Amino acid sequence: MPTKDIKFIAVDMDGTLLDENSQLPEDFYSVYQQLEQRDIIFAAASGRQYYSLMETFAPVSDDMMFIAENGTMVMHQGKELYRCEIDKPSIAAIIKQARAIDGTHIVLCGTQSAYIETQDPIALNEFAKYYQRCQYVNDLLAVDDDFIKVAICHFDGTEEHVFPSFDREFGQSHQVVVSARIWLDVMNANASKGAAIEHLQSTLGFSYEQTMSFGDYLNDLEMLKGSYHSYAMDNAHTKVKQVARFSAPSHRDAGVMTVIKRELLD
């Protein structure tokens with residue numbers, strides 16, 4: 001399948017586009033400009049908050065597309081293109097389940113802000129990486145907003161300590177995904193980066209074959225399945241490498257930029 005017909009590129013952030021110091025590749029903005037000139041849409045597809053992504057890509061944030069909060073919200077040029085919410089009763093059940101597990105730190109993700117009820121300094125430092133708008137509240141159950149995700153942090157590993165019970169309780173009714181070693185996200189059953197991309201394919205008029213994506217972790221699986229030109233980073237989780245059609249160099253070696261320049265810009 002030729003890459004010269006690519007119309008849309010979706011790229012995960014942590015472990016994919018960003019290096020080990022959470023920095024963009026040096027040539028990112030040059031490559032982004034060249035893609036724009038070719039009418040190729042570049043989207044950051046991340047578990048990060050929309051407002052955090054806006055801050056990271058400040059020089060081009062007015063034009064860039066953001067698939068935020070693991071696909072539960074898509075924003076482009078300040079306009080909302082897609083949203084996938086969780087109902088209030090489910091939010092309450094998820095929060096209560098997370099509170100029952102020792103060592104968890106909860107981030108309640110609304111469309112206006114993220115909300116936390118911990119003041120643990122290590123957790124706060126971790127949250128600051130992904131949530132630019134974040135409010136402390138006394139009780140997450142009392143927050144008034146429209147909710148799109150509950151993110152749960154466990155520093156000993158969510159795949160071992162959080163996923164088993166959450167998959168048992170919510171796996172049939174919600175999307176439960178380990179998004180990083182210490183993060184787990186619970187979303188609407190229909191929510192994923194892949195579902196967001198499918199919506200964009202149908203509304204913006206580009207095809208599966210015209211879609212390229214890059215990822216490294218389990219929350220990227222649906223996105224990779226929704227793209228013919230799917231790339232697993234060299235540092236990716238084994239399951240991601242099994243799903244992706246192609247491979248890219250490690251995020252430490254600016255693998256996303258390497259592939260884009262080789263396949264689309266040379």
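A: Two salt bridges are found by the rule across the interface of domain 1 and domain 2. This is a predicted model. Arg-83 pairs with Asp-146 in a salt bridge. Their closest N and O atoms are 3.5 Å apart. That distance qualifies because the cut-off for a salt bridge is 4 Å. On the side of domain 1 that touches domain 2, α3 gives the most, with three residues. By type, the residues of that side divide into five nonpolar, eight polar and six charged.

Now the domains themselves. Domain 1 is made of two stretches, 8-83 and 191-265. Domain 2 covers 88-188. The contact draws 19 residues from domain 1 and 23 residues from domain 2. Between the C-alpha centres of domain 1 and domain 2 the distance is 23 Å.

Next, the area. Interface size is often expressed as the accessible area lost when the parts come together. Here domain 1 and domain 2 bury about 1800 Å² between them. Of this, 50% is on carbon and sulfur atoms.

Then single residues. Ser-46 sits in the loop between β2 (41-45) and α3 (50-56). Is Ser-46 buried or exposed? Ser-46 has a relative accessible area of 1%, so it counts as buried. Which residues does Ser-46 contact, leaving aside its neighbours within four places in sequence? The list holds Asp-12, Met-13, Leu-53, Ile-67, Ala-68, Glu-69, Asn-70, Gly-71 and Lys-193.

How far apart are Leu-224 and Ile-197 in sequence and in space? They are separated by 27 residues in sequence. In space, C-alpha to C-alpha, Leu-224 and Ile-197 are 10.0 Å apart.

How values were computed. Residues numbered from 1 in each chain as written. Predicted model: local features only at pLDDT ≥ 70, side-chain atom pairs only at ≥ 80, totals over all residues. Heavy atoms only, no water. Helix = DSSP H or I, 4+ residues; strand = E, 2+ residues; numbered from the N terminus. Buried < 20%, exposed > 50% of the residue type's maximum accessible area, 1.4 Å probe, protein only. Contact = heavy atoms within 4.5 Å. Domains from an automatic or database assignment. Buried area = accessible area lost by both parts, 1.4 Å probe. Salt bridge = Lys/Arg side-chain N within 4 Å of Asp/Glu carboxyl O. Nonpolar A, V, L, I, M, F, W, Y, C, P; charged D, E, K, R; others polar.
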